[in-house]
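Please keep the sequence and the structure side by side as you read.

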Amino acid sequence: MKRSQATRPRKSAGALFETPLDAENPKRNAVLFAAAKLFLEQGYEPVSMDAIAAEANVSKRTVYSYFESKTELFSAILLAHCNSMGGISLPDEFAGHDPRKVLTEFGRVFLRTITSPRAVAMQRVIFREVERLPEIGKIFFQNGPQRHMAKLAEYLKQAETEGTLAVGDPARAASQFMSIAKAPFHLQQMCGLIDAVSAAEIERAVTEAVTFFLAAYRPDRA
């Protein structure tokens, strides 16, 4: 695992948003992009709507035509971020799928998503501001982690119905799997102790998480 070095150049905040946050409205996208860049660089509190307008090369009136407040703008960035990251990798129809294969693919996509530079940077901003603005934590949780957990819980419920797993509480089990999978990286990335996570490291973490989970919830342990 690569340790962060003080001399290692990091991606600029702008480089973390290479894909549009609003592909259908270029001017609104420019505002979202500019605000995201400034929030990632400076945090939430120091950034003014005037600064966002200047960074987006639009008038402040234009910014307010899309967003009534800075909090609303920050919330919109969180929603756009969660939607653009996507990453839920599960079969359209749950019946008949092998739990090891499903959990492995879900785990790979989940870890690639949450260990990406953009995801790490966004979470750092959210965690800094959540005490003062608790609503942004709720928006992030509902549209990011909770959405993933709910979808995985649906699959685990089906697997229990088919007798391939015995999870008892699908929502709790989904949360446990995601926590186990991210454990080798998440806290260290949040603390700036590690930078990039390689594909090999992700594969190893997923394999270990799936093996542990299936052993804990195999049907003959029920």
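Ala-121 is buried, with a relative accessible area of 16%, where buried means under 20% relative accessible area, exposed means over 50%, and partly exposed lies in between, using a 1.4 Å probe and protein chains only. This is a predicted model, in which local features need pLDDT of at least 70 and side-chain atom pairs count only at pLDDT 80 or more, while totals for chains, interfaces and linings use all residues. Residues are numbered from 1 along each chain as its sequence is written, and side-chain values use heavy atoms, leaving out hydrogens and water.

Ala-121 is found in helix α6, and helices here are DSSP runs of H or I with at least four residues, whereas strands are runs of E with at least two, numbered from the N terminus. The chain has 11 helices and 0 strands, and of its 222 residues 45% count as buried. Helix α6 covers residues 117-129, and its 13 residues should span 18 Å at 1.5 Å a residue, which agrees with the 19 Å between its end C-alpha atoms; the expected span is 1.5 Å times one less than the number of residues. Among the buried residues of α6 are Val-120, Met-122, Val-125 and Ile-126. Although Ala-121 and Met-190 are 69 residues apart along the chain, their C-alpha atoms are separated by 8.4 Å.

Which residues of α7 does α6 meet? Gln-123, Ile-126 and Glu-129 in α6 meet Ile-136, Gly-137 and Phe-140 in α7, a contact being heavy atoms within 4.5 Å. The two helices, α6 and α7, pack at an angle of about 145 degrees with their axes 8 Å apart, where axes are lines fitted to C-alpha atoms over the stretch in contact and angles run from 0 to 180 degrees between N-to-C directions.

The largest nonpolar core has 33 residues, and Val-31, Leu-32, Phe-39 and Leu-78 are among those with the most contacts inside it; such a core is a set of buried Ala, Val, Leu, Ile, Met, Phe, Trp, Tyr and Cys residues joined through side-chain atoms within 4.5 Å. Two or more residues come to this core from each of α1, α2, α4, α6 and α7, and α1 gives the most, with 8 residues. Leaving aside neighbours within four places in sequence, Leu-78 is in contact with Met-122, Ile-126, Ile-136, Ile-139 and Phe-140.
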